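Here is a short briefing to read alongside your model.

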There are 6 protein chains.
Amino acid sequence: MANAYDRGRLDLPFTGFCTFAKAPICPDWDAIDATVAVLGAPLDMGTQWRAGARFGPRAIREASTLFSFGHDGAYDFEDDVTYLTADQGRIVDIGDADIVHTDQIRSLANIEFGVRKILAAGAIPVVLGGDHSVNIGCINAFEGEAPFHVVHIDAHLDFVDERHGVRFGHGNPLRRAAEKPWVSGLTQLGIRNVSSTNRQGYEDARAMGSDILSVRQVRKLGLDAVIARIPAGARYYFTIDIDGFDPSIAPGTGTPSHGGFLYYEVLELLEALAKRGQVIGIDLVEVAPDYDHTGGTAILAAQLLMNVIGRVLHHRR
Amino acid sequence: MANAYDRGRLDLPFTGFCTFAKAPICPDWDAIDATVAVLGAPLDMGTQWRAGARFGPRAIREASTLFSFGHDGAYDFEDDVTYLTADQGRIVDIGDADIVHTDQIRSLANIEFGVRKILAAGAIPVVLGGDHSVNIGCINAFEGEAPFHVVHIDAHLDFVDERHGVRFGHGNPLRRAAEKPWVSGLTQLGIRNVSSTNRQGYEDARAMGSDILSVRQVRKLGLDAVIARIPAGARYYFTIDIDGFDPSIAPGTGTPSHGGFLYYEVLELLEALAKRGQVIGIDLVEVAPDYDHTGGTAILAAQLLMNVIGRVLHHRR
Amino acid sequence: MANAYDRGRLDLPFTGFCTFAKAPICPDWDAIDATVAVLGAPLDMGTQWRAGARFGPRAIREASTLFSFGHDGAYDFEDDVTYLTADQGRIVDIGDADIVHTDQIRSLANIEFGVRKILAAGAIPVVLGGDHSVNIGCINAFEGEAPFHVVHIDAHLDFVDERHGVRFGHGNPLRRAAEKPWVSGLTQLGIRNVSSTNRQGYEDARAMGSDILSVRQVRKLGLDAVIARIPAGARYYFTIDIDGFDPSIAPGTGTPSHGGFLYYEVLELLEALAKRGQVIGIDLVEVAPDYDHTGGTAILAAQLLMNVIGRVLHHRR
Amino acid sequence: MANAYDRGRLDLPFTGFCTFAKAPICPDWDAIDATVAVLGAPLDMGTQWRAGARFGPRAIREASTLFSFGHDGAYDFEDDVTYLTADQGRIVDIGDADIVHTDQIRSLANIEFGVRKILAAGAIPVVLGGDHSVNIGCINAFEGEAPFHVVHIDAHLDFVDERHGVRFGHGNPLRRAAEKPWVSGLTQLGIRNVSSTNRQGYEDARAMGSDILSVRQVRKLGLDAVIARIPAGARYYFTIDIDGFDPSIAPGTGTPSHGGFLYYEVLELLEALAKRGQVIGIDLVEVAPDYDHTGGTAILAAQLLMNVIGRVLHHRR
Amino acid sequence: MANAYDRGRLDLPFTGFCTFAKAPICPDWDAIDATVAVLGAPLDMGTQWRAGARFGPRAIREASTLFSFGHDGAYDFEDDVTYLTADQGRIVDIGDADIVHTDQIRSLANIEFGVRKILAAGAIPVVLGGDHSVNIGCINAFEGEAPFHVVHIDAHLDFVDERHGVRFGHGNPLRRAAEKPWVSGLTQLGIRNVSSTNRQGYEDARAMGSDILSVRQVRKLGLDAVIARIPAGARYYFTIDIDGFDPSIAPGTGTPSHGGFLYYEVLELLEALAKRGQVIGIDLVEVAPDYDHTGGTAILAAQLLMNVIGRVLHHRR
Amino acid sequence: MANAYDRGRLDLPFTGFCTFAKAPICPDWDAIDATVAVLGAPLDMGTQWRAGARFGPRAIREASTLFSFGHDGAYDFEDDVTYLTADQGRIVDIGDADIVHTDQIRSLANIEFGVRKILAAGAIPVVLGGDHSVNIGCINAFEGEAPFHVVHIDAHLDFVDERHGVRFGHGNPLRRAAEKPWVSGLTQLGIRNVSSTNRQGYEDARAMGSDILSVRQVRKLGLDAVIARIPAGARYYFTIDIDGFDPSIAPGTGTPSHGGFLYYEVLELLEALAKRGQVIGIDLVEVAPDYDHTGGTAILAAQLLMNVIGRVLHHRR
């Protein structure tokens, strides 16, 4: 397939509309024709500290254009592979879920609605948060699908059952996920520091089958040993809280926590899983552009997603 | 009374805890002993564009210390009056209402609870938002009090009845206020620009007795004529959205709108009302520190509030 | 016509793709069906101080969504008019001209190409810069059209003929415009301060028929007298450099100059011209988001453009 | 005289070293050959709130290059005068006074030393602060010179005699100046808001001969009436605290105060004085770049100084 | 002990006053009842490059609320320990030392006064700077106490004896400490890069018994070997300059130096010492919020201090 | 040789003009008397994403003053060597090349002209960009000199031959260098991520003799093995794109790419080469201060250059 620069335009990254990876728009959610469909979930009512993640989808889309030079695909000289070519799969951007301010439940339902549409079309949903509570809508949408294993990258366990009646905020999603019959297991990586979850939360998580590893534990074990703890050949859902990364590369988030993952640590882990099983959905949450003054966090999110999607499409059967 | 600098400390503004105007803390809400009691309402779930006003109370408190040099009172050489002396009244800071993320209704109830405690103690509540929906909690707390006139400074009418089930967001508070039997009338000043309220909203507001004036209309009429439209000798409640001011001096807010009021325009208006009737409560909302990079908006809020409170205390009987 | 919120979505401003005013996209430049067509011109190679205006189109589009609540039209209570209703005209966003780095001439030609396509479709072009050199491409595109009068809002005269071989930078566009047979006259408003143009430039401008007024001169004359100096019933082209505005409301630009216009001064002037003649094209240039940390400059640009376009559509026959 | 662009270089503002107005450097303080000599005074130990003015000289010099296009002089079309031509006077930049951290007295002495060198050379000193305490060093240097009248632009009176032993901080300079036999009088303009000086300070200032006017009082009187209160034909020293300006155009300062002067108000006042008497020295203080994120405050300082210096040189005999 | 969320409030981190770790205030310095007492030292007159550390105490207190969810203690799942429970010790915040601008000596004396009060109450002082010169006041306060070993984390040696009469700036504290009879030794870790101290300074430091290691040397030796060089069972004082950390995680400081420590390197070192001996005092200095745009540096300081204090309280006898 | 602080001034880093390392200015390019001559190349027309590197030279010069305390030389206690003493070599700053906006070719010629002047004087050129296209001017200037090996630190290969006629943008320089007969070879280090160069570009680079290593490959090989791949005893030219470093320490650049080098990795590599051969020229490019809000990237550039220059001067024969 031809490069875009063989057509009439040079199409530098700063030109044109900001869809994810400059992918085509698909406003008709009943006519999604894609391998991967990107949905924005600009919801941040679930935050307990700094808000602002509602502008995450826009920032990630904008950052993704930096990597969209109009080539057909992205050549990786380390792998000697060209990822993201048209013949490996089609990406579309279906826009955002409708968020209703002051109404968390309805907003989550709208996110669920969008993901259900993507699944109905046979595409892999990639959801751009928003705070981590958007994951609740995403996981709900998989009701009735075959079971899958959730791989969770985060500084926080997000396993609070209920506090003051709150069950659907950004401290609750993994608990909500663990309750679902269609979630077969959880691996929670990067968890560290003074927690929003007390001892009981950790005990509950382990009791419900979660495998919890801190950044230091992941490093001590090494990539292969960590991967070996995750079921082989399974269906995987990735839920990536950007604060799983170190604040040095992901300052633009609500609740940064020092001592986090670096870029290649997460990329190599997700790449290994893309080879080990079938990735059925991804959400990347908690990018808050107001705290991302030079755009590096959004660039990290876009760079990671484009590389992960490229590897998922390349390795899937 | 002695100046603080006659005691052992110089107490420059950058030292010490950040309570409003370095006023004493009153954590026991059943023992408020004050003429004016300041309450923070760090709620921003009601926003339709940029959030962040949850950090407004902290920013305004911090900015208020700039004006707290440890003198007894603030001498104004233009008026040849020393305001804010201890013998004119006592200010306390009672801290913040408890905000429950994802639960707008409960959070508003908590704000209402705090204001009721202040009123029960016979003090004038000064509430620091948070987005404009916090006004709903404030006005609710006056149930059973003698009627009063609401003076509203804002770029937006905030008079939406309901959209998609939303009745308590930051586009609704003046509509909610107008419905209350204990609100005897409304004057809405500074309203301008492409509105979040359609034609019906304006018609409803007028039908419910609101007097609406744009910035240009206020300027054309002049201060005296505007004041004359507001009932004399009445009880006044001030609800001040910082976006009533021009973005040049109040950039730190969620939905700035060009063409707004300048500092003295609002100060002189509120000062005239402090002479004309009895100020029974104040809220100042929508200061969003994340968009206030040099702190000027928080300084504006603090400077305005301290001058207005000084005048209210000086002129009341 | 129904409001968008009667349909299935609330569509708050922060959701959805960032086209200008959330207008539909028109990627096929041979099938433009519109009354007004918006084109981005992300070019900033012409700058003599700070660059960054290449991200102006994206910032203005993003800011315009703040004013896009899904109502049908924008009700203005001061005028008691609803502007921007569907029956007054259709707006589309055709994306960006293709910019070729290091090649100013080719980039200007690409802008000219886009404007020609808009004119061929019978639509009014609204071009989002980019630095002021993009105006050269815009004016070129009108070759063969009936003559028109250029109304220029700017701090700078931009009337340099040539320096060191430079004829198409952001200090040259009005000189280039004045040379065109299809430009019947120029009114240059807001010009002030230590200039990039020496005495000769002013003399040339006047010799070529330009009417030059500083901000103070405009204020002294008053709106009506300024309007009276501009030919009545003519075809007008507006070229608006955002630095014509005061840095207090337009900090986000490359070469700010203190003492500029305020919001209503420019809006009322352009509104008066929308009534006085036929507006055939608009460019708004020099919004540089990197210097616009809270977005106020982009909001000014969007607020002005949406109000001006609304008035142009309302008043045209 | 030829423009610089007739020589080999275009010399755009962003090229070259950052001296004030791209003036030549004069490192040998015993060989100052100039009409105007610029000295940096990067001292901010005197601040009572936010520091950072130590980087003011660098920021103002950098901003001044924006107005340095290599023309010979700056043509002002409103006045039809070319200011700052070589034949009206020569400007040099002599660098900075040596600041010794933790030692305010010695640092002030070093500033005084530099100004004495300038005066000894027969040049007009223009000192770039630094906080307002640098004025103490400047005024001291005039010991033995003919008396002069101090014109003070500021939000604050800066007339504290002593607090906790502090006599040379940024709240004291005008008191220190008023004590000098060679200061014949003071006019203090722009003073406003909750003050760092109590009632006694104002009474002292008036008793020592100061004429104090607020921004509102200046506006009510009008330019001519204000000028008339200042002795005609006298020697004037200008001490300009950037916070005399409104925070909308001068956010980059330690203690902003809303309700300040706009650009032309101060320029026209200083221009009128340049015609009315002999300007013998200028300091401009309190530009704090850390709070000046887009550089507008430094640009204001540079724009004002270059225009004032131009007028001083043009009107002096 | 009950969690705070079992009481009436949820107390999210963004609500309430900003004391360190939301600890109770103790304004009466003669009635300190605590195991750990936190004192702010907002002094930055000692800086040789960028000031601003005077706002460090406020920023660290504010950041510490992020980790204050109202649980009783902080559960660490890696250690399976709950730190900071009420039964391990009581933390109070006694506010700030009084800083007198232009008077470094008096300000240091005021810091010393506060630390003496804490020591007299039998509590462990934790001092929040301010620049590193505040350490001079801290160490002075220990006069008469049993000897202790100073553990110094910093990019700079801070061992200048005197330059131009300066003996108490932020380049001098470790030299001042080394001179004290009650300081039994020094270990200086993280020192690197073009230094403010010349060869003589290093030789003096070594001659006075200091053990100096760069970041690379610490990494090469490994944690255990570094710890082994520090006397076992001793009394330790930690003086932590935030610029000992890498600029990637601590940009918010006056004199950043690339190549610094990462989070766990310092935490593990201090944790090992908390087990190895008795920690008798801590200062953490040079957090300058003006250079910490997203708050990450203050979060680092708060996260480190809370974890270190937790371990000190847990491991002490 | 005496330290500067033995002379009359303390000369803290924030005082004085901003030349590189506070070196003397050499405005006469025909009288360069130096071992190392620094030239600014403020050109950013070659950028494909974010511009702003035109202010790189100013930012790096300003940052370099942080490391300029007036000592004679910089003592490194790890090496026990004092670098940058006067007897090891003389550094001068010759100012900036003249940039002509809209004219990339002429601007590159002006950079070439400056480098030729430096080479003619027998000095080592150190060029401060500007975007990476300035390297084209630098390499051109070596025409006729003895062959040398280019060592390239970058995230991007910059090996595009031509796209849409563009041959001299910031994506082309290494291709242009490889074409020169006087370039004997290339080593390209740090290359990573979705590239602006497609597979063909890599194949061309390898075919033209380039040795390409990613960050991960460099780490896997280790410093010694990487050095061994570079010809020993050769003449080396260093072209350092600041985006070769990780965004955590170099956010202030146009096209950051996660996963980059850390500080010591590059310093040790360049130090090893300074010992292994003869360094004949250096350029450091793509520092864009608008994205470097706390100055850390400029500090990195200055810190690296001063250390590398020190080592080059120390180790050369």
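Contact here means heavy atoms within 4.5 Å. This is a predicted model, where local features need pLDDT of at least 70, side-chain atom pairs count only at pLDDT 80 or more, and totals for chains, interfaces and linings use all residues. Residues are numbered from 1 along each chain as its sequence is written, chains are lettered from A and ligands numbered from 1 in the order in which they are written, and side-chain values use heavy atoms, leaving out hydrogens and water.

**The annotated site**
- An unreviewed UniProt entry annotates His132(A), Asp154(A), His156(A), Asp158(A), Asp241(A) and Asp243(A) as "binding site"; positions follow the numbering used here, feature names are shortened, and annotations may be inferred rather than shown by experiment.
- These residues span 112 residues in sequence, yet no two of their C-alpha atoms are more than 12.1 Å apart, so they gather at one spot.

**Two of its residues**
- Asp241(A) is buried at 2% relative accessibility (buried is under 20% relative accessible area, exposed over 50%, partly exposed in between, with a 1.4 Å probe and protein chains only).
- Leaving aside residues up to four places away in sequence, Asp241(A) touches His132(A), Ile153(A), Asp154(A), Asp158(A), Val285(A) and Glu286(A).
- His156(A) is also buried, with a relative accessible area of 14%.
- Beyond four places in sequence, His156(A) touches Ile191(A), Asp243(A) and Thr255(A).
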